[in-house]
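Good morning, and thank you for making time for this item. I would like to take you through one structure, beginning at a single residue and widening the view from there.

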Amino acid sequence: MPYDINVVLHAQVVKNMDKNPAQTGHRQRSALTRQLSSLYAVFILTLGLIFPLAAVLERERGVNLYLAEALQVYLYLVAIAYLLYLELYLLRVYNPNRRPIPKRHVIIHVEKGDPSYSKHLDPEEEGIEFTDKERPEVHHGEQGISHYLRLGAILFGVGALIYDGFRIAEFVLENGQGCRTIADLVITSLHLIFTFIQTFFLFKHCTIVINKHKAFARFGVMHLLVTNLCVWLLYAVLETEEDYRKDTLTQSELDVNDTVKGNNSDDNGPLACFADVTITDQASPYLYPCVLEYSILAAAVTYGIYLSIGTAAPVRVKMPRITKAIQNTVRMGCQKSNIGLFLGILVMILTLVVLSLYFAFHNNDAIEIETADGLSLILFSSLELLLLLLSLVAAIVGFFRLRSLDHRGWKWGTLNDGVMLIGTAGVYICNVLICIALFQVFLDLDVTVILSLVASLFAIFQASFQTLFISDGCRRYAKDKEQANEKPGRRSVVFLLICNLCMWIVDTLAVKKAEEHNALYADLYGNLCWKIVTHLAVPLIIYYRFHSAATLWMIWSRAYEM
């Protein structure tokens, strides 16, 4: 028996078939502003790639470096100004929490088991439009990013803020050595302010939909998007160049520089900046990836806000109380996931123990350097291989178990898939290059080489199957009460979630350090080339693991709703 459900629209209903010239002109203007904002983004991204590359290739500080610095100042100032405009003016004048006055009631007939019975309806998808006068100026749309990815944005944002704070402290404490210029201080300070304001805005208003001054909003949000992408490019290029310059210093060059300083009491030599290891250098392997991961996540969220500009407020379907009770029962508790949870806890404990042993061997001066490096690499590769094997099995089992659930569309599925594929590309790039290098010496039958090769191959297969599983699992929902109670595949989902958290911890703390102590890759590809790979791919791998864990949590909590 169908249910008659009263749906309260917040604007007058206009049928799509009633086309008029005003609406046609409005759509044409919207399409034009989208095209212009896209061209603006491509142009700024081109400059964000060319200027730092040209500055790195210059032997001395020249015009290209000044252009790169000017571009960063422009990006940060405009982005900060637009965020302040949104936060201090638009969201205060047009309160998104204000509910428009209902204008009309519409009866929608919904059958039992229909997917639309328990979700939000989009008026535009149902053949309904808002007029410009009745469309809410600012409102909150559907949930575009999970709560745990929002927490991840705060986590990575805090890491980026700490990293900028260290760089500012390094400038203050260098005592006029000249390693950091005033321009570096200004740019770092602007990036710190931009990161702080943007993190606050995205955590609080990640579902915001702007319908006021839409052309200006598209350019403003697109500028935020392109700023985050340019930060990713700029930091990756400039940090790689700085790291490479430090590695190319030989002891003889340092000795020559010390002699010059002793004779001339001048500490401003070009090599003096790299002679001492600062706190920024020590923290860089752990905090620098946070900048890149934060930029990727912030760019994805701002792109979702950009796509939602000009859309109507979702129509909420009034659901019977019995359905709400069923959903509340399904959401609460850890039913059908206890086994996966406790197995995952065991894996987490094992991971922390092995990581402790890894750093103990790595920092033990009583053991010979070659022996310590060999033992630490064996421990690291064995742990990585075990985690990959367990997570691959969990992904395969979970994939086939969740296929019994109902498959439905997800508004943000394409955006989530795109972000996942970016991280998967980082896994592919790093591990394929590692496999190519290790195949060259595979016949030596070295234990570390064999373990590293097998682990890299498993990483490629595991990332491929896990990405497929997550993309499919985000669109699965229980089709009846029996599946909501049985929860097929929930044990595999929670176990895979914990395995990804373990790999995220391992990659964050040890992967860059472990690969730096294997000179095989640098010998084959060249030191500079391998630096570029590690500075670009490793942050993507770390982000992929965190994003996978956050999305798996969303599957664990939502896939078994009816």
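Let us begin with A455, which lies in helix α12. This is a predicted model, and every value I give is computed from it. A455 is buried, with a relative accessible area of 1%. Setting aside neighbours within four places in sequence, A455 is in contact with S381, E384, L385 and L388. A further pair to note is A455 and L387: their C-alpha atoms are 9.5 Å apart in space, while 68 residues separate them in sequence.

Next, N431, which is found in helix α11, residues 413-439. Is N431 buried or exposed? Its relative accessibility is 7%, so N431 counts as buried. Beyond residues up to four places away in sequence, N431 touches S456, A459 and I460.

I turn now to the salt bridges. The structure holds three of them.

One joins the side chains of E239 and R167, with an N to O distance of 3.1 Å. This pair links distant parts of the chain, 72 residues apart: E239 sits in helix α5, residues 214-247, and R167 in helix α3, residues 147-173. Both E239 and R167 are buried.

Another salt bridge is formed by D417 and R475, whose closest N and O atoms are 2.9 Å apart.

Let me move on to the cysteines. How many disulfides does the model contain? The count comes to zero. C430 counts as buried, at 2% relative accessibility. C529, by contrast, counts as partly exposed, because its relative accessibility is 36%.

With a relative accessibility of 13%, C290 counts as buried. Leaving out residues up to four places away in sequence, C290 touches F156, G159 and A160. The C-alpha atoms of C290 and L155 are separated by 8.3 Å, although the two residues are 135 apart along the chain.

I345 is partly exposed, with a relative accessible area of 39%.

Of the 562 residues, 49% count as buried. The accessible surface comes to about 27,300 Å², and 64% of that belongs to carbon and sulfur atoms. Among contacts with a separation of 6 or more, 90% are between residues 24 or more positions apart.

Finally, a word on confidence. The protein averages a pLDDT of 75, and 69% of the residues score at least 70. Over residues 1-18 the pLDDT is below 50, and this stretch has 63 contacts in the model beyond near neighbours in sequence. Over residues 100-134 the pLDDT also stays under 50, and there the model has 96 contacts beyond four places in sequence. How should such contacts be treated? Where pLDDT is low, the predicted coordinates should not be read in detail.

To close, I would ask you to keep two points in view. The three salt bridges include the pair of E239 and R167, which links distant parts of the chain. For residues 1-18, the pLDDT is below 50. Thank you; I am glad to take questions.

Methods: Residues numbered from 1 in each chain as written. Predicted model: local features only at pLDDT ≥ 70, side-chain atom pairs only at ≥ 80, totals over all residues. Heavy atoms only, no water. Helix = DSSP H or I, 4+ residues; strand = E, 2+ residues; numbered from the N terminus. Buried < 20%, exposed > 50% of the residue type's maximum accessible area, 1.4 Å probe, protein only. Contact = heavy atoms within 4.5 Å. Disulfide = S-S within 2.5 Å. Salt bridge = Lys/Arg side-chain N within 4 Å of Asp/Glu carboxyl O. Areas by Shrake-Rupley, 256 points an atom, 1.4 Å probe, with all protein chains shown as cover. pLDDT = per-residue confidence, 0-100.
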